[in-house]
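Happy to walk through this one with you.

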Amino acid sequence: MKYRSLGRTGIQVSPYALGAMMFGALGNPDHDDSIRIIHRALDAGINFIDTADVYSQGESEEIVGKALKGRRDGVVLASKVHYPMGEDPNHRGNSRHWIMTAVENSLRRLQTDHLDLYQIHRPDPTVDIEETLSALSDLIRSGKVRAIGTSTFPASEIVEAQWVAERRGLERFHTEQPPYSIVNRSIEREVLPIAQRYGMGTLVWSPLGQGLLTGRHRKGKQIDTHRSGYTPQHFSDERKLEVIEQLIPLAEEAGLPMAHLAMAFAIAHPGVTSAILGPRTMEQLDDLLAGADVTLDDEILDRIDEIAPPGTDAGPNQAAYIPPALSNVSMRRRPIAERSAA
């Protein structure tokens, strides 16, 4: 496994990162099997593990913690905070109040005294970014966190956070974790260039298009898979399926499984540091590891550009962040009495 610099942190990470979302009740509830998968990834040279407190409500972190006993020093360990952890209205979000509590909970579950990377899982419009950065800066100074990052932040909010950090003398975000795949390329327009401008590392999630780019889902041939049960609309989107139908013969011509084509595409972009693998089974991990040495030449990348144009999404990513200006109807429509010009 080759290694790349994680932005300007000085940390070296593998181009494949192991995502732990599927370990626990959400995916694989067998702790021993999940631990074997983690060990297999580490033995293959992957040194970057990404989890979050919300994954199976802490169970993923517990599994990762058990798996890293005796191996923690050789791993770049990342987790996240933001999503609700219970019914308490203050056990969520990006406030200092919650971050300081959440990090202690994560450290306990992970059985470690520090996180190499602590990420804000999504923006929180109710919290001033200075409040969030101030709390994260204190965690870095205390030694509990080595570096901080964001996940699925719009380009404008990434820039704002960089400016606030500079003006207030606070620690700045060194990484961003956005969705990126052949069917969802919109981050190429602003997010990736902004991350490169600020020297941020980028670890992309869902490089297999949430399972679409395995090639198992075809037009007129829908199958039941673990992921399709959560977002069926994603797997029936005709625009995305049309892209898949055009990619399959390209992959066959190149002599590559679809998943290997998709992973190689994701890590070929100069703005991408690592792509996150999210295996639920050992077979899935082994299948992906088998493509670690695949290199896509310019001709294949040009063909992909023709099928899925740069900077575009074949269809919406239901798991991505939707800003309130789009999700909140009242922010898009004036009161009826104010809508007319006269």
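The questions below go from the overall fold to single residues of this predicted model.

Q: How many helices and strands does the protein have?
A: This is a predicted model, and its secondary structure holds elements of both kinds. The count comes to 12 helices and 10 strands.

Q: What is the radius of gyration of the protein, and what does the globule rule give for 342 residues?
A: Along the principal axes, the C-alpha atoms fill a box of roughly 70 × 55 × 40 Å. The radius of gyration is close to what the globule rule gives for 342 residues, so the protein is as compact as a globular protein of that length. Both the radius of gyration and the value from the rule are 20 Å.

Q: What share of the contacts with a separation of 6 or more joins residues 24 or more positions apart?
A: Buried residues make up 55% of the 342 residues. Turning to contacts with a separation of 6 or more, the share from residues 24 or more positions apart is 78%.

Q: Which residues is L247 in contact with, leaving aside its neighbours within four places in sequence?
A: L247 is one of the residues that touch the most other members of the largest nonpolar core. Leaving aside neighbours within four places in sequence, its contacts are I182, L213, M258, L261, I304 and I307.

Q: Is S137 buried or exposed?
A: S137 lies in helix α4 (residues 129-142). Beyond four places in sequence, S137 touches L170 and E171. Its relative accessibility is 0%, and the cut-off for burial is under 20%, so S137 counts as buried.

Q: What is the phi of S56?
A: S56 sits in the loop between β4 (48-50) and α2 (59-67), and is buried with a relative accessible area of 16%. Most residues other than glycine have a negative phi. In S56, though, phi is positive, near 55°.

Q: What is the phi of H82?
A: H82 is in the loop between β5 (76-81) and α3 (96-110). At 12% relative accessibility, H82 counts as buried. H82 is a residue other than glycine with a positive phi, near 160°.

Q: How far apart are the C-alpha atoms of W98 and H82?
A: W98 is in helix α3 and is buried, at a relative accessible area of 2%. Beyond four places in sequence, W98 touches residues including D53, V81, Y83 and N105. W98 and H82 are 16 residues apart along the chain, and their C-alpha atoms are separated by 8.4 Å.

Q: Is E87 buried or exposed?
A: E87 belongs to the loop between β5 and α3. The cut-off for an exposed residue is over 50% relative accessible area. E87 has 76% relative accessibility, so E87 counts as exposed.

Q: How far apart in space are D73 and N328, C-alpha to C-alpha?
A: D73 is found in the loop between α2 and β5, where its 81% relative accessibility makes it count as exposed. D73 and N328 are 255 residues apart in sequence. From C-alpha to C-alpha, the distance in space is 44 Å.

Terms used
Residues numbered from 1 in each chain as written. Predicted model: local features only at pLDDT ≥ 70, side-chain atom pairs only at ≥ 80, totals over all residues. Heavy atoms only, no water. Helix = DSSP H or I, 4+ residues; strand = E, 2+ residues; numbered from the N terminus. Rg over C-alpha atoms; globule rule 2.2 N^0.38 Å. Buried < 20%, exposed > 50% of the residue type's maximum accessible area, 1.4 Å probe, protein only. Contact = heavy atoms within 4.5 Å. Core = buried A, V, L, I, M, F, W, Y, C linked by side-chain atoms within 4.5 Å.
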